[in-house]
Amino acid sequence: MISHCPYRAWCKWCVAGRGKADPHKRTDGHECKVPIIHCDYCFMGKRVEVEEADASTLPIIVHKCDRDRWITAHACKRKGAEPKVVDICARHLHMTGYSSFLYKSDQEPAILDFKKAVVARLRQVAGDDTMKIELMEPPVGQSQANSLVERTIWDVEGITRTLVCMVEA
């Protein structure tokens with residue numbers, strides 16, 4: 001397997017990078033009428049201060065849609081509205097075909113700026129200023145409200161570790 005997607009329990013590299021206990025999924029039958037696209041930043045490796053960041057600690061912006069479960073992850077030079085990453089993410093959101101969705105993140109200023117720039121660029125790419133995109137941020141202190149993307153970040157980090165383990169072997 002080249003990409004190790006999807007995870008395979010028989011592959012020693014998949015198990016080394018992403019092995020976890022079985023998930024306990026909740027099914028309450030509640031589904032939102034419009035898709036919710038979650039986003040957040042993550043870092044691979046050790047946590048460092050912004051001044052100490054180098055190529056090995058670049059932020060990664062991760063998106064996941066609750067409706068069809070697609071995932072995107074892109075390395076950024078820095079947090080915030082970096083034009084190249086904004087354009088790539090807007091094009092990925094356009095490819096979903098959604099003209100109406102909730103765009104959810106935490107309340108970090110850098111990600112709020114990023115989302116506003118992505119929505120503006122998405123409207124340009126789609127040629128549609130009437131797209132119904134609502135920016136959504138859960139109240140401070142409710143970290144579980146964005147748990148879908150937090151779990152996705154674990155997956156992205158696990159896939160990355162799996163590929164690194166395989167390459168370094």
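**Lysine, core and loops**

Modeller: In this predicted model, the charged end of Lys 115 sits over the ring of Tyr 103, 5.7 Å from the ring centre.

Colleague: Is Lys 115 buried or exposed?

Modeller: Lys 115 is found in helix α3. The cut-off for a buried residue is under 20% relative accessible area. Lys 115 has 0% relative accessibility, so the residue counts as buried.

Colleague: Which side chain makes a polar contact with that of Lys 115?

Modeller: Leaving aside neighbours within four places in sequence, Lys 115 is in contact with several residues, including Cys 39, Tyr 103, Leu 135 and Glu 137. Ser 105 is also among them. The side-chain polar contact, at 3.0 Å, is with Ser 105.

Colleague: How are the rings of Phe 101 and Tyr 103 arranged?

Modeller: The count of aromatic pairs comes to two. For Phe 101 and Tyr 103 the ring centres are 6.0 Å apart and the planes are at 80°. Both residues are buried. Planes over 60 degrees apart count as edge-to-face, so the pair of Phe 101 and Tyr 103 is edge-to-face.

Colleague: How many residues are in the largest nonpolar core?

Modeller: In soluble globular proteins, nonpolar side chains tend to be buried together. Among the residues with the most contacts inside the largest core here are Ile 37, Ile 61, Leu 93, Phe 101, Tyr 103 and Phe 114. The elements giving two or more residues to this core are β1 (36–43), β2 (59–65), α2 (83–95), β4 (100–104) and α3 (109–126). The largest core has 22 residues.

Colleague: Which residues are included in the second, separate core?

Modeller: That core has seven residues. Among them are Cys 42, Met 44, Val 62 and Ile 153.

Colleague: What covers the buried residues of α4?

Modeller: The buried residues in α4 are Val 149, Thr 152, Ile 153, Val 156, Glu 157, Gly 158 and Thr 162. An α-helix has 3.6 residues a turn, so residues three or four places apart point the same way. The cover over the buried residues of α4 includes α1 (12–18), β1, β2 and β3 (71–75).

Colleague: How far apart are the end C-alpha atoms of helix α4?

Modeller: Helix α4 covers residues 147–168, and at 1.5 Å a residue its 22 residues should span 32 Å.

Colleague: What is the C-alpha separation of Cys 76 and Pro 59?

Modeller: Cys 76 is in the loop between β3 and α2. With a relative accessible area of 3%, Cys 76 is buried. Its contacts, leaving aside neighbours within four places in sequence, include Tyr 41, Leu 58, Pro 59 and Ile 61. Cys 76 and Pro 59 are 17 residues apart along the chain, and their C-alpha atoms are separated by 5.5 Å.

Colleague: What is phi of Arg 69?

Modeller: Arg 69 lies in the loop between β2 and β3, and is partly exposed with a relative accessible area of 47%. Most residues other than glycine have a negative phi. Arg 69 has a positive value, near 70°.

Colleague: In what order do the elements run from the N terminus?

Modeller: The chain has four helices and five strands. Of its 169 residues, 34% are buried. From the N terminus on, the elements run α-β-β-β-α-β-α-β-α.

Technical notes: Residues are numbered from 1 along each chain as its sequence is written. Side-chain values use heavy atoms; hydrogens and water are left out. A nonpolar core is a set of buried Ala, Val, Leu, Ile, Met, Phe, Trp, Tyr and Cys residues joined through side-chain atoms within 4.5 Å. Buried means under 20% relative accessible area, exposed over 50%, partly exposed in between (1.4 Å probe, protein chains only). The expected span of a helix is 1.5 Å times one less than its number of residues. Contact means heavy atoms within 4.5 Å. Rings of Phe, Tyr and Trp (its six-membered ring) pair if their centres lie within 6.5 Å; planes under 30 degrees apart count as stacked, over 60 as edge-to-face and the rest as tilted. A charge sits over a ring if NZ of Lys or CZ of Arg is within 6 Å of the ring centre and within 35 degrees of the ring normal. A polar contact is a pair of N or O atoms within 3.5 Å; within protein, one must be able to donate a hydrogen and the other to accept it, and residues adjacent in sequence count only if both atoms are side-chain atoms.
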